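Here is a friendly walk through the terms used for a protein model and the values behind them.

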Amino acid sequence: MSRQHDKVALLFNANKIYDRGVIEGVGQYIQASQCSWDIFVEDDFVYHRNTIESLSIDGIIADFDDPETVELLQNVNVPIIAVGGSYQNPRFYPDLPYVATDNYALVEMAFLHLKQKGINRFAFYGYPADTPKHWALERQHAFLQLMEKYEQESYYYLGDQTHSHNWVESQEKLAQWIKTLPDYTGIIAVTDARARHLLQACEHLKIAVPEQLCIIGIDNEELIQYLSRISLSSVQQGTAQIGYQAAKLLHKCLNGIKVAHKPLLIAPLKVAERRSTDYRSLQDPFVIQAMHFIRQKACHGIKTEQVLDHLHISRSNLEARFKQEMGKTIHQVIHEEKLARAQYMLRSTEVPIQEVAEICGYPSLQYFYAVFKKEFGVTPKEFR
């Protein structure tokens, strides 16, 4: 049986959303099982490799996507549970209990989300092949397999490993690749961080997202949402479940119960659907331009007249095009965009409701409440 207090080290870097989710899952297991563990994590929640040898510990849960960690733990003689990405080649897994993100399932979920939106051209933005990120290569392979399975033409770009010295040049090269893509392509980015590169490049190129290109990331990193004007759709990994299962396996090991050295694959949870894939299959170039303008300016108090001025087109002409393409008037679409923005802010931020009303272009809080209640049957406060 295990001792009264087992000392367990979690070798992760909590500046990454994946690692934070895994640590949270470990915590959920501790709460659920009431096991008596003394958990070691550095005060800054960053794992420093030079400290591991000096630790007196009974068990380890570690990020095996990091090659240095794998090497460091080779001769450590305590129970170790490995956490990392899945491999298509089973020989690549370590000879340890292993809980894995299902990389194929992540990319497939992103692909099917785009497909359900009516997208029928697909691209992938990954990491360069010389990086030690095996999971990025696995996701690239998954994308190419899916393209073959669904008989789709594939476009992909691996780009540079970006840093402060090459950021501008890397973005310029990425922009050149984006310009080669056909309109109405859905791009799957290997991570949310890479998806942000795409959003910024599209903004500089004046390419409308999602009207001309759709973008979806992987990780559901909330911080990214605050750094881009267009909110990013993303596949949410089952990180808490990964951590929970890893802790459960370690608990068994510490209690002398043998566990299989066979990878346990954890499926992604869902697509967190946001603006970057809110695609409507529009064909009319004037409606596409108008929609992009409305999405950018709806909350600035624009009316139909400003949309007409922007496009240099007559009211009757554009109204007829909107009726044909969307079955709505320009005014209705502006109204819906303002309310959609308000809903997003109420759901995803803690901005005071008075400020939400102002940001979304309503002349008073009272008017905002009246419009919102009429549309949704609840007040903004009740909705939040």
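The questions below set values from this model against the definitions behind them.

Q: What makes a feature count in this model, and how are residues numbered?
A: This is a predicted model, so local features need pLDDT of at least 70, side-chain atom pairs count only at pLDDT 80 or more, and totals for chains, interfaces and linings use all residues. Residues are numbered from 1 along each chain as its sequence is written, and side-chain values use heavy atoms, with hydrogens and water left out.

Q: Why is Glu151 called exposed?
A: Exposed means over 50% relative accessible area, buried means under 20%, and partly exposed lies in between (1.4 Å probe, protein chains only). Glu151 has 74% relative accessibility, so it counts as exposed. Glu151 sits in the loop between H4 and S7, and its phi is positive, about 55°, although it is not a glycine.

Q: What about Lys206: why is it called exposed?
A: At 69% relative accessibility, Lys206 counts as exposed because the cut-off is over 50%. Lys206 belongs to the loop between H6 and S9 and has a positive phi of about 60° although it is not a glycine. Pro210 is also placed in the loop between H6 and S9, and the peptide bond from Val209 to Pro210 is cis, with omega near 10°.

Q: What makes both faces of strand S5 covered?
A: In S5 (residues 98-101), Tyr98 and Ala100 on one side and Val99 and Thr101 on the other are all buried. In the protein chain, buried residues make up 49% of the 384 residues.

Q: How do you know that S5 pairs with S4 and with S11?
A: Two strands pair if DSSP finds at least two bridges between them. Strand S4 (residues 80-85) and S5 have four bridges in the parallel sense, with Ala82 opposite Tyr98. S5 and strand S11 (residues 263-266) also pair in the parallel sense over four bridges, and Thr101 stands opposite Ile266. Both pairs therefore qualify, as at least two bridges are needed.

Q: Why are S7 and S12 said to stand at the edges of their sheet?
A: The open sheet has six strands in the order S7-S6-S8-S9-S10-S12, with mixed pairing. Strand S7 (154-157) and strand S12 (270-272) each have a single partner strand, so one side of each is left without a neighbour in the sheet. From one strand to the next, the twist averages 25°. Within this sheet, S8 (residues 185-189) and S9 (residues 213-218) run parallel and are joined by four bridges, and Ile187 has Ile215 in S9 as its bridge partner.

Q: What makes H4 a helix that packs on the sheet, and what is its direction relative to S6?
A: Contact means heavy atoms within 4.5 Å, and helix H4 (residues 134-149) touches strand S6 (121-125), S7, S8 and S9. The direction of H4 makes about 165° with that of S6, where axes are lines fitted to C-alpha atoms (for helices over the stretch in contact) and angles run from 0 to 180 degrees between N-to-C directions. Helix H6 (residues 192-205) lies across S6, S8, S9 and strand S10 (233-236), running at about 160° to S9.
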